[in-house]
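Subject: Structure for your review

Dear colleague,

Please find the structure below, handed over for your own work. My notes on what was found in it follow directly after.

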Amino acid sequence: MAAVTLTVNGKAHRVDVDPDCPLLYVLRDTLELNNPRFGCGLGQCGACTVLVENRAVRSCSLPVSRVTGANAKNVITIEGLAANGRPHPVQQAFIDEQAFQCGYCLNGWVLTAKALLDTNPKPSDAEVRRACESLVCRCGSHTRIFSAVQRAVTAKNTAVKA
Amino acid sequence: MNPRKGGVSRREFVAGGLVVGFSMLDGELVPRLFAQAATSAAPSPKRLESWLHILPDGSVQVFTGKLEIGMGVDTALTQIVAEELDLSPSRVKFVFGDTSTTVDQGGVGGSTSVSQGSRPLRNVAAAARAALLQRASQRLGVPVEQLQVKDGVISAGTKRITYGEIATALAAEQDLKVTGAGFALNVDGGAKPKDPAGYTVVGTSVPRIDMAPKILGTYKYVTDVRVPGMLHGRVIRPAGVGASVVSVDDSAARSIAGYVKTVVDKDFVGVVCENEWAAVKAARAVKVTWSAPLRAFPEQKDLYSYMRAAKPKATRQIPKTGDVDAALATAAKTIDARYDVPFQSHATMGPGCGVADVKPDGVTTVWSGGQKPHALQKGYAQLLGVPADRVRVVWMQDAGSYGRPGFEDAGADAVLLSKAVGRPVRVQWMRHDMTAWGAKGPACVYDLAGAIDAQGNVTGVRFVSRAFSGGAILFLPDAAGNYLGAQLTGIKNTTGVDEFADWGGAAPNYRFQNLDASSHVLAEFHDVASPLRSTHLRDPEGPATSFAVESFIDELAAAAGVDPLALRLKHIEEPRAKYALQAAADKYGWDTRVSPKPKTADHLVTGRGIALGVRNGTYVGTIAEVEVNRASGVVKVTRLVCSHDCGLIVNPDALKSTIAANLIQSLGRTTKEEVMFDRSTVTSVDWNSYKVARASDVPAVVDIVLINRKELPPGGAGEPSSRATAAAIANAVFDATGVRIRQIPLSPEKVKAALA
């Protein structure tokens, strides 16, 4: 165990954890940030996704030491996406599309979409699918999810023009 | 003793009669506080106050044994109650599936939450509205007939009074008349519900009440429950079916910081630690020596021949029509076909979680995402050896459950571990605990024969199904032996039932001059703690049986030289089924012709297939368009069209979203999903070895045609659109290639081999 600083959603936390402990358990159990969810613990489904320096990362397979201490990085969970009390535009697009069924998987889809649009503001449908191929939605909400991503693309590009 | 932050306990709530005024709930269930609440038996369905309270601000608090498992039932029920009370949906709040505060409505299942589960709520809301109007009439001195209600404000001309203003003055009214039980429970307060023709809330696309909170990260799932003093548990399952504990060595685990205990009860093994990561590590570090597992399962390649040769444990036959033997003997053409469907896994997105707080005196609270909290209350009480009213089960949403996936077992594991350590324990299943050891949808095989006369008429059909029972692990988990962990401690499963893959029940009820249909149930390979124990998986036996029947109808059409839609329309009697098929065909632009398409030398070939799904009064027509790569065997579904008639539609947008999801899930069940096993255990353990639909599998176009029947009550919609997908795809592959694939999944290897 070692006390380290972990920065999540812009806030620094002092946590005393096993450096090998996956980030997921530190977020959920130590910081009570419950949205990254345990899906497989194997990096195969994306339910545990967080943003690390704006890249979508599987927190179930990432030792906490990779984002603390000398490797300190800014971690964003879905709780931290909203700004000034307003949903992030990507979140809003998913809300507008009523995109999910149970929603257990949604951290993977929403944060992967956010990271994708940050680097590729106008992805094609094929590019969206490629970016999402490593995610699982067991309920099968994919068609709404893809619509939500395209809605976010439209909103983003409309906003830029305005 | 406040079970809710800023709120009041149910006992305080119900103290004063029909509608009791108390401080407003803040709407948020706070699990950690629930733990301090007393347990009690479920409230009586006879009392209006068991179902509904009107609060001083005029909003309504509803208590229901129904729950939300991902398809928007919570929103639909909100709309139905709001409609009946003339309130805006935002002023109707629900408590779902808490055994100490909600009536036992059988939980949810079988696509009945709206079709059956909403009826008592509608009647209760109507009774409450009638009582409120009666009271308002007295207060305002205006006859009831002259009163108007708008969003909880009762008025007549300039006179007005609100629900909230008269709520506290109401005394207990007459008891409700109770009929039925479980899913079919209904109550009647004597007030006539509204005429659906005047609906303004039901039938509109109210945004789902859970959707924004989920996406914004404020929704609480059962996995997020934290109870003071709570420990974390993990289970260690046997090396295979029938393997027993020989020895347990926890010496390596003892050095893990936060390690508390390894719990061993016969063949049930679990670890408990102060934190989750320690529990994960401890479960790996504990060395369990198991006896050699039984070789209880056949080789996987022999599964279907085993099933055809096995002596059935039960058989059911529908009444015969005519003489099929004679029809086959005199036919101009006969066809025989065998269809095989493997075991499939619920493979829930979250692998399963339960939190249990077993006090030394047996008073217990369990938080579970299982679909039937009141049944779990009985089962967990039996597991603990205490009366049911000492156990409170609080439902909170887990991942989509699709039946009886194992959330029930995870809760039982938590009960066993909490009892053993005397502290609250949260059990989070790992991926393999669900995918390998969760109960399974049963494997089913079907043998069909058909007779066609010289004029191309289908004159007879014989149908024989052989399946493991979808009720071996009963969908109603109300006995200890239902749970895997309990079975591992030596408790027998005594509640299994034989469930049949029936003609006319699990597939459309086509009429033929001569028809002989029988269904057999096969005994389990091993009746204790088997990873191939079978139970309800979304639309039990429906997708499998419909795959066989709806493929065979296509085979008959091809052999008879008629269009597959035309043959269906000729042999199905129900007008709504015909209408649904035709609606899908119209949307698709169905080109009437015989399948398959003429053969080409093309590398990529395309085709379309149609299938009918009929489930308890809901009618679905599904059309799949596919592109088959003849070299690789890859079947790409390029378009799905689904027509859907479930009677009156409560929320069109939420319904469409559920149908679309069912289509994609069932597409994956058709082309990818298969539980893999060796002689002793399940070897598909994760998302790589148990594949489900992914982004690349999703068709570019999914068209949904809603058929709204305002003259009918709302029917079920959770499962029916799963039913016809497999046959539609297989029929499309046949149309494209001229080759019939009769085995699920339609994997590239299988399709490639069939095309060779």
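The second largest cavity is lined by Q101(A), C102(A) and C139(A) from chain A, together with I69(B), G70(B), M71(B), Y402(B), R538(B), T658(B), A661(B) and N662(B) from chain B. Please note that the model is a predicted one. The space in this second largest cavity amounts to about 50 Å³. By class, its lining residues comprise six nonpolar, four polar and one charged.

A search of the whole structure gave seven cavities of 30 Å³ or more. The largest share, four residues, is that of α15(B). Eleven nonpolar, six polar and four charged residues make up the lining of the largest cavity.

Some local features may also be of use to you, starting with chain A.

Helix α2 of chain A spans residues 89-96, and its buried residues are V90(A), Q91(A), A93(A), F94(A) and I95(A). After α2(A) comes Q98(A), which has a positive phi, near 50°.

T154(A) belongs to helix α5 of chain A, residues 142-161. Because its relative accessibility is 49%, T154(A) counts as partly exposed. A polar atom of the T154(A) side chain lies 2.9 Å from the backbone oxygen of Q150(A). In an α-helix there are 3.6 residues a turn, so residues three or four places apart point the same way. Between the C-alpha atoms of T154(A) and R58(A) the separation is 27 Å, with the two residues 96 apart along the chain.

In chain B, where is S111(B) placed? S111(B) sits in the loop between β3 (92-96) and α4 (118-140). Is S111(B) buried or exposed? S111(B) counts as buried because its relative accessibility is 14%, under the cut-off of 20%. The side chains of S111(B) and E719(B) make a polar contact at 2.7 Å. Leaving aside residues up to four places away in sequence, S111(B) touches R615(B), G716(B), A717(B), G718(B), E719(B) and P720(B).

With kind regards

Conventions. Residues numbered from 1 in each chain as written. Chains lettered and ligands numbered in written order. Predicted model: local features only at pLDDT ≥ 70, side-chain atom pairs only at ≥ 80, totals over all residues. Heavy atoms only, no water. Buried < 20%, exposed > 50% of the residue type's maximum accessible area, 1.4 Å probe, protein only. Helix = DSSP H or I, 4+ residues; strand = E, 2+ residues; numbered from the N terminus. 1 Å grid on protein atoms, 1.4 Å probe; cavity = no way out; pocket = protein on both sides within 12 Å on 5 of 7 lines; lining within 4 Å. Points joined across faces, edges and corners; volume = space filled by probe spheres on them. Nonpolar A, V, L, I, M, F, W, Y, C, P; charged D, E, K, R; others polar. Polar contact = N/O pair within 3.5 Å; in protein donor to acceptor, adjacent residues only side chain to side chain. Contact = heavy atoms within 4.5 Å.
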